Amino acid sequence: MNTIQEMFQVWSMLERMLAFVLLAPLLGGLIAGIDRRVSARFQGRYGPPVLQPFYDVLKLFRKERIIVNRFQNFTMVLFLIFTIFSGALFFAGADLLLTIFSLALAGTFFVLGGFCVGSPYSHLGAEREIIQQVAYEPMVILMAVGMYQVTGSFKVSVIAQYQSPLILYLPGVFAGFLYILTIKFRKSPFDLSMSHHAHQEIVRGMTTEFSGPTLALIEIAHWYENVMLLGMVYLFFAFNPWLGIGIALLTYLFEIFIDMNYARFKWQLTFGSSWLFTAVAGVSNIIVLGLMKI
Amino acid sequence: MMNALIFLILFPLFISLLALFLPRALPGRKVIGTIANAVLCAVPIYLLFATLDQGPSYFRLESGLINIGMLVLEVLIAAYIIYLSVRAKRYLPVILVVVQLVTMLGFEFSYGHSIQVEHSMFLDKFSIIMALIVGIIGSAICLYGFGYMPEYHEHHPEVKDRRNYFAFLMYLFLSAMFGIIFSNNLMWLFFFWEVTTLCSFLLIGYRDDKASRDSAFRALNMNLIGGVVFAFGIVILFVSSRTMELDKLLLLDQGVVLLPAVCFAFAGLAKSAQFPFSSWLTGAMVAPTPVSALLHSSTMVKAGVYLILRVSPVMENTVAAQMLTLIGGVSFLVTALIAISQSNAKKVLAYSTISNLGLIVACAGVNTDAAVWSALLLIIFHAVAKSLLFLCVGIIEYKLGSRDIEDMDFLIMRLPKLTAVMMIGMAGMFLAPFGMIISKFVTLKAFINTNPVMAIILAYGSAATIFFWTKWMGKIISIRHGETEVREHEVSNWEWTTLGILAVATVAVCIAFPFISFHVIDPYLMQLFNTVPVVDTFNILIVFVIMFGLLIILPLGLFYYAFINKDYKRVGTYLGGGNISNITYEGAMESSQPIQIKNYYLEKYFGEERLFYIGVFVSLTLIFIMFGVTAI
């Protein structure tokens, strides 16, 4: 049962980082493939092969490099680098807050990429992307705060090896995190800034002007990010690694389910509901924990 | 050493008088100014290295004559303020000044003979940090003024050209700031405190039109309220404990000194523009840019948090301290939210200043070693980055003819170097891993351990901070091919020099923060708490990996994409398929429609008038509780 934890302890920090860098895109791509298959089944379609996301990305790499300005692709390279870096930090067991800040840095580069092309669709997408970031940021920080309150450490390695179930102390925080996870996974109803679906009112939003290899990089960064987010879900159930992995995967299925059942929200509702939900579920949980300590 | 301190107070005073009386046509004027600024930078650096391994030192000074001189000057200042207020038909300042003067004179006559001050001046690590900020940033801003003021008067022919008077006030301000940070005698501190109030009043009113007179009097009123309470604090302190020295204040019994400490903290809140006093700082932007930069970064508001941090150890574990923390927290959160709704660049900067100072005040209220550690770092980071941003906006304002963020589209095409400098400043303000975020990180830990509510406020406030900075950043770096009206050559060398110094300083303090922490902040914390916060070495290592990674990748990447990468095909932006050119598309009836790109400001949610009053009322309540609980 504890093989995962043993594995975690046996590997050195660098090995864990390397494992993430190499394996996360495979896992992320696979999850994306399953996602498309499951989504298709929900809609009564057969769906593409499970490996389709990999084919897509490989094909994108062979496409012509079309740009609007010379520097737009650089922002996305930075986005990818820092997403990988934060994920590697997370799986190396480093400070959770640092991971979150580093991920926010990656997100900032992503948004700046959307702004710098100077296209109206992309600009609108970038504005919405910021609103999404602002919507989820408090809850992500509060998640770290809650885990610190229970375990006394921000270190992912310490939190992951905490023996009692974190979820029992942090049910509200977990609920709040689930809510904003839909934003992070870019699932409906919160896929405002850019959408995989072709029917968005602002074309491809953020990524309107990004094509070919750069779009592939964005896709890969997204895979890395998803694996890392599932890792965060795992932390709530880390007392039992298999349960943790199971719940993480269930969470993803749940997000697909939500994705299929909701039409896109307006940004007002996205933003307002996220902050409110964070306030009700997350904040109350944090305050209760704070009072328990005193 | 004591001579160096006295020199730092008297030298800017001397320069200010020189600026006032030397004729403007004198060719050597700017040379003298430059040399003076260099000296002002050099002396605090000398102090830093001369006392690197030393504890605080206290200095005795024969003060009989100085005290009388200060008293006379105080009366003169009061008379001058009364004269100006009566002339402008505003009577609130008159009342406040009279109350303050009667208090101080009455105190002087009934107790003056019995005041025994052992050490009038002192120097510890915190004073050195402040001296570095005032010396380097303050004089850099004055340097910028040499290039800025001629242009200011070109653009505002209606404003009477009083450049000598302006320079006089700027240097006088610096002199008073040095006075505040080196005074151990509270009477002296109070005197310099009032001088900064007067200077800020006169500087804000420099334009002498209705808007600036209103703002100036608002600033005056609020700071005088703070000053009156400060004076009360001094009287209460002396009557109850016969003490007039800052260092002795910390050694006394909490029950005796709590009320005076709360009075001083109140004065600090007014000076650092926390709620409910915030409106004076946002009004102050009518003044010429160097004034805003000076008020926001190195002087005025920093004097406020300086005093709060000095007296907060007295308030340890009291309800008053908790209220102070909450006032800081409310100011931090509410102003960060308001900043989202502002499109006036100077106003965004002003609200961001109040927000950051709120965080510092909150840290002072928490008053653990980690909290004070991050408060000091916040002071440093904020001072360099914010002055840089103000000065950039000042230049943009004249090159684009607007200070509205909505007019800063494609700034990177029009003023590329300036935009790069601005990006450095903004990164220092909010972006991980530079500057502020390092201290926010430690602040968060300090908050969780003491007051989870503050951790929640910090979480929401940080999100709001990301919002207004990122969208502004996005605005200035958006690129439209063909938009190249470069007007950068018109920026004077004085201004470039200052921007250069401050940009380098912003990066340098980020890289040097372990040095600053180890050699300057930690000794101060040892003297205060006997402990220092343990910052995880691994985390610092990671922060440095990111920082150096960015410092290396960014230039290399930009170089690669600018010159080496040729493998691309450039197209116009997508405009729904109806492109006519890059900026127009074909609308109905074969019309040509231009595109316009605007940012979100979410007025409905974060509108100024709505949130501002919430902030004022909540903080007023908290202040009443703070005084009420202490008085009982």
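## Helix α23 of chain B

In this predicted model, the buried residues of α23(B) are Asn539(B), Ile542(B), Val543(B) and Ile546(B), where buried requires 20 or more other C-beta atoms, placed from the backbone, within 10 Å of the residue's own. Helices (H or I, at least four residues) and strands (E, at least two) are DSSP runs, numbered from the N terminus. An α-helix has 3.6 residues a turn, so residues three or four places apart point the same way.

The cover over these buried residues includes α4 (72–92) and α5 (96–116) of chain A together with α19 of chain B. Helix α23(B) has 28 residues and reaches 38 Å from its first C-alpha to its last, close to the 40 Å expected at 1.5 Å a residue, that expectation being 1.5 Å times one less than the number of residues.

## The contact between chains A and B

Chain B brings 47 residues to the contact and chain A brings 49 residues, two residues being in contact if their C-beta atoms, placed from the backbone, lie within 7 Å. On the side of chain B that touches chain A, at least two residues each come from α19 (436–450), α20 (452–477), α23 (537–564) and β3 (569–570), and α20(B) gives the most, with 16 residues. This side of chain B divides into 32 nonpolar, nine polar and six charged residues; Ala, Val, Leu, Ile, Met, Phe, Trp, Tyr, Cys and Pro count as nonpolar, Asp, Glu, Lys and Arg as charged, and the others, Gly among them, as polar.

Strand β1 (residues 66–67) of chain A pairs with β3(B) in the parallel sense over two bridges, pairing being assigned if DSSP finds at least two bridges between the strands. Within this pairing, Ile67(A) stands opposite Arg570(B) in β3(B).

## Cys116 of chain A

Cys116(A) lies in helix α5 of chain A and counts as buried, with 25 C-beta neighbours inside 10 Å. Leaving aside neighbours within four places in sequence, Cys116(A) is in contact with Asn69(A), Phe71(A), Gln72(A) and Thr75(A), and also with Ile477(B), Ser478(B) and Ile479(B).

## Chain B as a whole

Chain B holds 25 helices and five strands. Of its 632 residues, 56% count as buried, and the C-alpha trace spans about 85 × 60 × 50 Å along its principal axes.

## Conventions

Residues are numbered from 1 along each chain as its sequence is written, with chains lettered from A and ligands numbered from 1 in the order in which they are written. Local features need pLDDT of at least 70 and side-chain atom pairs count only at pLDDT 80 or more, while totals for chains, interfaces and linings use all residues.

Technical notes:
Buried ≥ 20, exposed ≤ 12 C-beta atoms within 10 Å, placed from the backbone.
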